Amino acid sequence: MLGTVLHEGFGVPLPANVIGLILFTLSLFLKIVKVSWVEEASQFLIRHMLLLFAPIVAGTMVFFSLIGKQALTIVISLFMSTFGVLLFTGWTVKLMSGRKMKEGERRYDRSRA
């Protein structure tokens with residue numbers, strides 16, 4: 001509900017449910033909400049997750065002919081976006097680990113001098 005208030009009242013440019021999930025995650029990390037309070041409900045939702053996705057799958061069937069016509073485009077875009085995310089993540093990790101290693105080498109060099 002707070003996510004809806006922030007979205008509508010302050011014009012936060014994120015969907016209200018995303019704001020709510022972010023606030024919920026923060027409250028778990030900050031120990032405002034205890035895991036034991038939500039564990040039973042979350043286990044129930046995880047066990048019945050397939051039922052929660054049934055409407056999405058049924059809605060997709062309405063557009064099945066359009067998906068069939070655009071299948072090659074969809075598959076290519078999925079592979080390219082996946083490959084792009086992997087490359088970007090790899091470069092980011094390489095950049096970040098390189099900085100840490102250089103900082104460590106500098107500290108080592110200073111201690112020798």
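**A bent helix and a nonpolar patch**

Student: Where does helix 3 bend, and by how many degrees?

Tutor: The bend is at Ala 41, by about 30 degrees. A bend here is the angle between two fitted axes, one for the seven residues ending at a residue and one for the seven starting there. Keep in mind that this is a predicted model: local features need pLDDT of at least 70, side-chain atom pairs count only at pLDDT 80 or more, and totals for chains, interfaces and linings use all residues. Residues are numbered from 1 along each chain as its sequence is written, and side-chain values use heavy atoms, with hydrogens and water left out.

Student: How do you know that the span of helix 3 agrees with its number of residues?

Tutor: The expected span is 1.5 Å times one less than the number of residues. Helix 3 has 13 residues, so it should span 18 Å, and its end C-alpha atoms are 17 Å apart, which agrees.

Student: What makes up the secondary structure of the chain?

Tutor: Six helices and zero strands. Those are DSSP runs numbered from the N terminus: H or I of at least four residues for helices, E of at least two for strands.

Student: Why is Ser 27 called buried?

Tutor: Buried means under 20% relative accessible area, exposed over 50%, and partly exposed in between, with a 1.4 Å probe and protein chains only. Ser 27 comes in at 11%, so it counts as buried. This residue sits in helix 2 and touches Ile 32 and Val 33, leaving out residues up to four places away in sequence; touching means heavy atoms within 4.5 Å. Across the 113 residues of the chain, 5% count as buried.

Student: And what makes Lys 31 count as exposed?

Tutor: Its relative accessibility is 66%, so Lys 31 lands in the exposed class. Lys 31 lies in the loop between helix 2 (16–29) and helix 3, and its phi is near 65 degrees, a positive value in a residue other than glycine.

Student: Why is Met 49 called partly exposed?

Tutor: Because Met 49, a residue of helix 4, has 38% relative accessibility. Met 49 also belongs to a nonpolar surface patch of about 1000 Å², together with others including Phe 44, Leu 52 and Phe 64. Helix 3 (35–47) and helix 4 (49–62) are the elements giving two or more residues to this patch.

Student: Which helix gives the most to the nonpolar patch?

Tutor: Helix 4, with six residues.

Key. Patch = residues over 30% accessible without salt bridge, like charges linked within 9 Å, V, L, I, M, F, W, Y side chains within 5 Å. Areas by Shrake-Rupley, 256 points an atom, 1.4 Å probe, with all protein chains shown as cover. Salt bridge = Lys/Arg side-chain N within 4 Å of Asp/Glu carboxyl O.
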